[in-house]
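Here are a few notes to go with the model you asked about.

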Protein chains: 2
Amino acid sequence: MESILIIDQKDGFGPEFSKLVSMMEYARATTIEEVKNLTVEELDFLYDEDANSIGMLLAHFAAVEKAYQIVTFENRDDLTDEEVASLNPGLDLGNPGQEQINGNSIDYYLNHLAEVRAVTIERFKALPDEWLFEQTPFWWNLQANNYFKWFHVFEDELNHRGQIRIIKKMIKKANKKR
Amino acid sequence: MESILIIDQKDGFGPEFSKLVSMMEYARATTIEEVKNLTVEELDFLYDEDANSIGMLLAHFAAVEKAYQIVTFENRDDLTDEEVASLNPGLDLGNPGQEQINGNSIDYYLNHLAEVRAVTIERFKALPDEWLFEQTPFWWNLQANNYFKWFHVFEDELNHRGQIRIIKKMIKKANKKR
């Protein structure tokens, strides 16, 4: 069995993509581990009126990854308004996210995440490692390279995975109080 | 000015350490951005009786990094009981963490984090890139390499940075209710 605790060469990827994909896959495996047994009710739980549910965060991961597919694979500065609209409410969440992202099973979210990831992986396999080091102006007019942009995709997931862990604790407390 | 949005070669490090340190420094910069203006009261805020305060999470980052210095730089399977005791309550948090980690200013936490990080960076500069790919048995008896172990140090920080962001929102709500 291939260990997920190794960041090194992976079949089918250049050496640089291999390490990036190792980290992305570890992040995703730990997300799945946290959420795989959650019920629809747990996925929809809102700990307060401004909260993101776990389902909303899972939809967000897929929307962010799609946004970065567009930005990096099409070498764009930004998304068009139409693209933002099509990625919402997952991208920006908020009230529209609360209203529209609910009632789905865990399989719905995980299947969508897997579909989006498959596109990323297919493109990564076809790109040369040098692509990761290409720079463009990005946030705050600083230069960013493609490695950073894809690092950001998984670092955002890890950030929200931490939140998922807190929300799960709150669900347990809420269930105890009943 | 050096952009923190680039994962690439850094002065004084091998090519592999350069990318790892780029990611570690971005994670740390975003942590500092979240916490730098917090008061002692905010750093000590507990949203419920089992919660970690933001101060506790900052102490945890330093303890985890010190633990991985021991494990990786000394090529160890595990920490001794004495080492665990000296890294606690930051390492395991819980009730001892709540009781003992409080009353400190943000400078206290950030200075401690910077001291620990300086040791890591000094050691990284002296190690060959190949060291990152050395494997030992680790969690669940799977093989892990040093790259993964240091990835884990920053992915744990990112996970808790997400929690810090939620806790800050709760502090704002608690302040409004007063």
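How exposed is Glu25(B): buried, partly exposed or exposed? Glu25(B) has a relative accessible area of 35%, so it counts as partly exposed (buried means under 20% relative accessible area, exposed over 50%, partly exposed in between, with a 1.4 Å probe and protein chains only).

1. A word on the basis: this is a predicted model, where local features need pLDDT of at least 70, side-chain atom pairs count only at pLDDT 80 or more, and totals for chains, interfaces and linings use all residues. Residues are numbered from 1 along each chain as its sequence is written, chains are lettered from A in the order in which they are written, and side-chain values use heavy atoms, without hydrogens and water.

2. Glu25(B) forms a salt bridge with Lys10(B), their closest N and O atoms being 3.2 Å apart (a salt bridge is a side-chain nitrogen of Lys or Arg within 4 Å of a carboxyl oxygen of Asp or Glu). Glu25(B) sits in helix H1 of chain B and Lys10(B) in the segment before H1, 15 residues apart. Lys10(B) is buried, at 12% relative accessibility.

3. In chain A, Lys168(A) and Glu34(A) make a salt bridge at 3.1 Å, N to O. Lys168(A) is in helix H7 (residues 146-177) and Glu34(A) in helix H1 (residues 15-35), so the pair ties together parts 134 residues apart in sequence. Glu34(A) is buried at 16%, while Lys168(A) is partly exposed at 26%.

4. Over all chains, the whole structure has 28 salt bridges.

Methods:
Helices (H or I, at least four residues) and strands (E, at least two) are DSSP runs, numbered from the N terminus.
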